[in-house]
Amino acid sequence: MKKIIVIGGGAAGLMAGVRAAQLGASVRIIEKMKMVGLKMGITGKGRCNVTNAAPIEDFIKQTPGNGKFLYSAYQQWTNEDVIQMLHSWNVPTKVERGGRVFPESDKALDVRNAFIDTYRKLGGTLHLEESVTDLIVQDGHIQGVVTNKGKYTCDAAIIATGGMSYPLTGSSGDGYELAKTVGHSIVELRPSLIPLETKESWVKDIMGLSLKNVEVSIIAKNKVQTKQFGEMLFAHFGVTGPIVLSASHTVTKLLKKKVESIEISINLKPALTREVLDKRVQRDFSEAQNKQLVNVLKGLLPTKLIPVICQLAKIEGTKAIHDITKEERLRLVDTMQDMRLSVHRPRPIAEAIVTAGGISVKEVDPKTMQSKLVQGLYMAGEVLDIDAFTGGYNLQAAFSTAYVAATHAAEGDIA
Ligand SMILES: Cc1cc2nc3c(=O)[nH]c(=O)nc-3n(C[C@H](O)[C@H](O)[C@H](O)COP(=O)(O)OP(=O)(O)OC[C@H]3O[C@@H](n4cnc5c(N)ncnc54)[C@H](O)[C@@H]3O)c2cc1C
């Protein structure tokens, strides 16, 4: 019987534990927290966007951080496989906007508990509140692991310790250190899917304001670097929400390349051309010649945003419509379609939804997830230098890499 140790009981660790146990291996998941799957429990705002219904080929496009490395893993364990697995565990799923797949119950804990129950039923061993501190390697083969409580021998070990974000869930970067001790390179860590701090302080005045159907562009080096359409939110420090998180991947990449002066342009009316929006404004103005600008704009903009737009367009909000010049009106139109903010910096990595960077994928076999440096050592999940957009793609990446690692760890030759 193959002895397999899974380091970390998050999304990847639980998937790896279940798969290895299904293949008849003797499995130990060693988890440093009191509970496994703490991060899984808070995914999708507690609802767990477990995967996406898009064709599996699209997952690579949705994985800007080394998506191609995942080609084989995505083929070996697809989104359909994950959905079928959950259904077989009596966790029905539903598909929402953008193909996002959630448990029908809207409870992330149902997903986590199904993993734990299955793992236990398959005879897997769970060590809680035990932290792996070292890997034992001899002649290029994994022999076991050291923890704060003892030593365990194994035929294969899977590092599934997650990234660097939300450290209260247990993912505080231990896996990078473990991999380093056996010679692996760590690609510089940076937050991905992270809210952005802005230089402008007026964002504080509208914190909590959420905008739907808007477009955010990231502008640097006089070029639009990325465009995202959907929902965003103002916060006391800057901007956040789904499209800002997606755009942040580009921002942190630019910052890594030392690009200065990165701007965010918000188009509040992306469905309209400048001309059509101007006509709409002219129509509203012609029907309310004696009213103040702030009152007329209520038909076009959320109330909270009106003083900001007036200020950015440099027009007194109390001005009567009949006093507004053509230049002022066009300035207003342009501001609505290009509300500018300057990026100060991303929020700290601890607040990131995922960590970009990690164990270099060049040193890991994409077909098996085995280390190219140490036989019998495998990697899975966010500890690898992979990161995807929101939409269930990160959990799928964790599940696919874990499934592959466990399959090959359990079926490979004993070292
Ligand atoms: C707020 C939030 C919401 C998210 N929502 C979604 C979503 O809806 N859909 C989606 O696809 N992705 C989502 N993600 C991303 C997703 O949760 C992660 O990509 C995924 O959990 C990564 O899985 P993992 O197993 O690699 O790491 P983790 O789930 O972080 O698990 C790592 C585990 O290893 C343990 N560990 C660490 N070091 C040691 C050690 N030395 N010894 C023993 N154990 C150790 C940790 O305690 C932890 O339990 C979200 C992330 C956050 C922060």
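**View 1. The area buried between domain 1 and domain 2 of this predicted model is about 680 Å².** Carbon and sulfur atoms give 54% of that area, where buried area is the accessible area (1.4 Å probe) that two parts lose on being put together, summed over both. Arg-190, Phe-389 and Thr-390 supply 65% of what domain 1 buries against domain 2, more than any other three residues. Domain 1 covers 3-190 + 356-411 and domain 2 covers 195-346, with bounds from an automatic or database domain assignment. Eight residues from domain 1 and five residues from domain 2 take part in the contact (heavy atoms within 4.5 Å).

A word on the model: it is predicted, local features need pLDDT of at least 70, side-chain atom pairs count only at pLDDT 80 or more, and totals for chains, interfaces and linings use all residues. Residues are numbered from 1 along each chain as its sequence is written, and side-chain values use heavy atoms, leaving out hydrogens and water.

**View 2. Arg-345 forms a salt bridge with Glu-197.** Their closest N and O atoms are 2.9 Å apart. Arg-345 belongs to strand E17 (residues 339-346) and Glu-197 to strand E12 (residues 196-198), so the pair ties together parts 148 residues apart in sequence. Strands (E, at least two residues) and helices (H or I, at least four) are DSSP runs, numbered from the N terminus. Arg-345 is partly exposed at 44% relative accessible area, whereas Glu-197 is buried at 8%; buried means under 20%, exposed over 50%, and partly exposed in between (1.4 Å probe, protein chains only).

**View 3. Within helix H9 (residues 274-286), Asp-284 and Arg-280 sit four residues apart, about one turn of the helix.** Their side chains meet in a salt bridge (3.6 Å, N to O). Asp-284 is buried at 12% relative accessible area, while Arg-280 is partly exposed at 26%.

**View 4. Helix H1 (residues 11-22) is largely enclosed by the rest of the structure, as 11 of its 12 residues are buried.** Among the buried residues are Leu-14, Met-15, Val-18 and Arg-19. From first C-alpha to last, H1 reaches 17 Å, close to the 16 Å expected at 1.5 Å a residue (1.5 Å times one less than the number of residues). Just after H1, look for Gly-24, which takes a positive phi of about 90 degrees.

Methods: A salt bridge is a side-chain nitrogen of Lys or Arg within 4 Å of a carboxyl oxygen of Asp or Glu.
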